[in-house]
Amino acid sequence: QVQLVESGGGLVQAGGSLRLSCAASGRTFSNYAVGWFRQAPGKEREFVAAISRSATTYYADSVKGRFTISKDNAKNTVYLQMNTLKPEDTAVYSCAASFSSTLRPTTARATGTYPYWGQGTQVTVSS
């Protein structure tokens, strides 16, 4: 069992940056694959980025080149650095974890891969 807590959300102007954090307790994060997902009002939850146990990263096309996922095993934390934010990035961002030894491009993007989820943090980008 692992508990996840997101932080770092807020209100930012278009073109600005935010760094989200996903802190884990209960287990060593280095043994987990972690994904970030987001859900805007009235829309389906969508994949944003993921990082495997071996630090292989995956990104949605809509954020590639603007967002960076990374992890600090010593702090048991995964980060999502978001640059050049756009109004369409506005959503609740949630991190999710999977005790999976393998993460492939298809499974990284699937919500069903991740049994553990945080509560989410709101990101609002104003135009």
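# Ring pairs, disulfide and core

In this predicted model, ring pairs join Phe 37, Phe 47, Tyr 114 and Trp 117 into a cluster.

Colleague: Which parts of the chain does the pair of Tyr 32 and Tyr 116 tie together, and how many residues apart are they?

Modeller: Tyr 32 lies in the loop between E3 and E4, and Tyr 116 lies in strand E10 (residues 116-117). The pair therefore ties together parts whose separation in sequence is 84 residues.

Colleague: Is Tyr 32 buried or exposed?

Modeller: Buried means under 20% relative accessible area. Tyr 32 has 4% relative accessibility, so it counts as buried.

Colleague: What is the geometry of the pair Phe 37 and Phe 47?

Modeller: The ring centres of Phe 37 and Phe 47 are 5.7 Å apart. Planes over 60 degrees apart count as edge-to-face. Here the planes are at 70°, so the pair is edge-to-face.

Colleague: Which strands does the pair of Phe 37 and Phe 47 tie together?

Modeller: The two residues are ten apart in sequence. Phe 37 is buried, with a relative accessible area of 1%. Phe 47 counts as buried at 10%.

Colleague: Which residues form the disulfide?

Modeller: The structure holds one disulfide. The cut-off is 2.5 Å between cysteine sulfur atoms. The sulfur atoms here are 2.1 Å apart, and they belong to Cys 22 and Cys 95.

Colleague: How many residues apart in sequence are the parts that the pair of Cys 22 and Cys 95 ties together?

Modeller: The link of Cys 22 and Cys 95 is right-handed, with 70° about the S-S bond. Cys 22 lies in strand E3 (residues 18-25) and Cys 95 in strand E9 (residues 91-98), so the parts tied together are separated in sequence by 73 residues.

Colleague: What relative accessibility does Cys 95 have?

Modeller: Cys 22 counts as buried at 0% relative accessibility. Cys 95 also counts as buried, and its value is 0%.

Colleague: Which residues touch the most other members of the largest nonpolar core?

Modeller: Nonpolar side chains tend to be buried together in soluble globular proteins. The largest nonpolar core has 40 residues. Elements giving two or more residues to this core include E3, strand E4 (33-39), strand E8 (77-82) and E9. Those touching the most other members are Leu 4, Phe 29, Trp 36, Leu 80, Met 82 and Tyr 93.

Colleague: What is Tyr 93 in contact with, leaving aside its neighbours within four places in sequence?

Modeller: Tyr 93 is among the core residues that touch the most other members. Its contacts include Glu 6, Arg 38, Gly 120 and Thr 121. Among them too are Trp 36, Phe 37, Leu 80 and Met 82.

Colleague: What radius of gyration does the chain have?

Modeller: The chain holds one helix and eleven strands. Its C-alpha atoms fill a box of roughly 40 × 25 × 25 Å along the principal axes. With 127 residues, a compact globule would have a radius of gyration near 14 Å, which agrees with the chain's 13 Å.

Colleague: What share of the residues in the chain is buried?

Modeller: The chain exposes about 6300 Å², with 47% supplied by carbon and sulfur atoms. Of its 127 residues, the buried ones make up 45%.

Notes:
Residues are numbered from 1 along each chain as its sequence is written. This is a predicted model: local features need pLDDT of at least 70, side-chain atom pairs count only at pLDDT 80 or more; totals for chains, interfaces and linings use all residues. Side-chain values use heavy atoms; hydrogens and water are left out. Helices (H or I, at least four residues) and strands (E, at least two) are DSSP runs, numbered from the N terminus. Buried means under 20% relative accessible area, exposed over 50%, partly exposed in between (1.4 Å probe, protein chains only). A nonpolar core is a set of buried Ala, Val, Leu, Ile, Met, Phe, Trp, Tyr and Cys residues joined through side-chain atoms within 4.5 Å. Contact means heavy atoms within 4.5 Å. The radius of gyration is taken over C-alpha atoms; the globule rule is 2.2 Å times the number of residues to the power 0.38. Accessible areas come from the Shrake-Rupley method with a 1.4 Å probe; for residues, only the protein chains shown count as cover. Rings of Phe, Tyr and Trp (its six-membered ring) pair if their centres lie within 6.5 Å; planes under 30 degrees apart count as stacked, over 60 as edge-to-face and the rest as tilted.
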